[in-house]
Structures are given as structure tokens and as C-alpha cells.
Amino acid sequence: MTAEDPVEYNLHGINQVQCRPEIGLSFAAALKSFLRQDPDIIMVGEIRDYETSEIAVKASLTGHLVLSTLHTNDAPSTIGRLVDMGVEPYMVATSLILVQAQRLIRTICKNCKMEYKPKPELAKSIGITPELLLRLGLKNIDINNLVFYKGKGCEMCNNEGYKGRTGIFEVMPISEKLKEMIIRKESVLEIRKVARSQGMYTLRESAIRKLLLGITSFEQVTEVTVD
């Protein structure tokens, strides 16, 4: 079952509800109706207010898998956003399983793709270090012999050098340590630090990995992500 505003795609076999706040059919109202039918999985298009977040959290605590979205800059900021809405930290800690932040980044046109060697200060400016290469699983890449790619521009990409887009992701599983930090109301900065120590790639790191694999350009990394 889904509660959406608007319903952008009709999906076969899924009960989709178009929310209409003007007649009282809000996300929260739809969620309450869903729970009476005891579904296994619920998707809420977006958590926008306390009432929706409260019902979503309570639904997850009673055995339902709840999928939803929030507008934040990165995965760790989701914790602060839910608490700001009024959800108690201990409820956030016990109901969250995983948070994923995602953005789209443009991909280099394969037809006019060309390589070049960046200046050392260029790589340093976005945080490329031997430690980062190891962390990203790119131990075969030599930090002193980096290769970046860009699109020269051709008819196939309308001389833009890009064709298509791909996702960059920041995936944060909520570990026991993170749950304890949420309950203690620790800062987003500290939560991010611990999440990274447990293996989470930031959006910038995910973009850098695609840069070094020749999927996107340096310009896209700096435009789409923030260090």
C-alpha cells in the first residue's frame, strides 16, 4: 500500500492512494486506514509533519516495514530532522533500520569520452588520499598517477560531453552504537563520524569513486556534492 502526493506511476498489484489534504485525506489519514488492514509493507511518499512521522514510527514498532522519504542534505541529518519534528529520540533509535541518501550525477558520454591527468592540487582539493582509495576499494589505483575523464562533446550528446545520469548513495545502517548515540541525543556530526568508521561512504566519496572509475567528471563531483 502506498500513500503518495502525487501518484506519479501506476504500479500493477499495488494499492496506491492519492493524498488530498483539502478533503482531509492526508498522509496521516491514509496511514491510519492502512494500519486497520494489517499490511506487511507500507510506503509513505514523504514524511512532512509530526502526525505522519508519529504514525509511521508506531507502525514500524508494531511489526510493519515502513518505507518513506525525507528532505535532508545527507543520511545522518535524517535523525535530527525526525527529532525536530517531535519524534522522541528513543523512538527514532528503535524504529529506524537503515537510512539512504541519494542524488543523481551526470555520466560522461561514452562516444566522446577522453582521459587526462589532473594536477595534484586538483585531486587534493576534493580529498583524494591514499587512505580514501583504500577505503573505496580502489587499492589498484596509484595516487601519483591518477586519471580523470571528461566528455569532449559530440553529436550523440549534443556537444555537452554528458549522456544520462547515475546515482550516488550514502547508506547508513543503524547499528547498536548509533542507536545509543541517538538516544543520548549526540550531534549529527558525531553520528556521521561513527557511521563513516563503520563503513558508510558519504555522497562525496561515492561520487569520487565514480569519478575514478571513469563514470563521471570532476566538475560533476564538485557541483553535486559538498565536502
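Reply: Asn-158 sits in the loop between β7 (148-151) and β8 (162-173), with strands and helices taken as DSSP runs numbered from the N terminus (E, at least two residues, for strands; H or I, at least four, for helices). This is a predicted model, so local features need pLDDT of at least 70 and side-chain atom pairs count only at pLDDT 80 or more, while totals for chains, interfaces and linings use all residues. Residues are numbered from 1 along each chain as its sequence is written, and side-chain values use heavy atoms, with hydrogens and water left out.

Back to the backbone: Asn-158 is not a glycine, yet its phi is positive, about 55 degrees. Its relative accessibility is 64%, so it counts as exposed (over 50%; buried is under 20%, partly exposed in between, with a 1.4 Å probe and protein chains only). Asp-38 also has a positive phi, about 50 degrees, without being a glycine. You'll find Asp-38 in the loop between α1 and β3, and at 57% relative accessibility it counts as exposed. For background, most residues other than glycine have a negative phi, and most peptide bonds are trans. The bond joining Asp-5 and Pro-6 is cis, with omega about 0 degrees; Pro-6 lies in the loop between β1 (2-4) and β2 (16-18).

Now for Glu-46, in the loop between β3 (41-44) and α2. Glu-46 counts as buried because its relative accessibility is 18%. Its side chain makes a 3.2 Å polar contact with that of Arg-48 (N or O atoms within 3.5 Å; within protein, one able to donate a hydrogen and the other to accept it, and sequence neighbours count only if both are side-chain atoms). Leaving out residues up to four places away in sequence, Glu-46 touches Phe-27, Thr-52, Ser-68, Thr-69 and His-71, contact being heavy atoms within 4.5 Å.

Phe-27 and Thr-52 turn up again where α1 meets α2: Phe-27, Ala-28, Leu-31, Lys-32 and Leu-35 face Glu-51, Thr-52, Ile-55, Ala-56 and Ala-59. As for how the helices are arranged, the axes of α1 (residues 27-36) and α2 (residues 50-61) come within 8 Å and cross at roughly 25 degrees. That makes the pair roughly parallel.

Technical notes:
Axes fitted to C-alpha atoms, helices over the stretch in contact; angles between N-to-C directions. Parallel < 35°, antiparallel > 145°, perpendicular 65-115°, else oblique.
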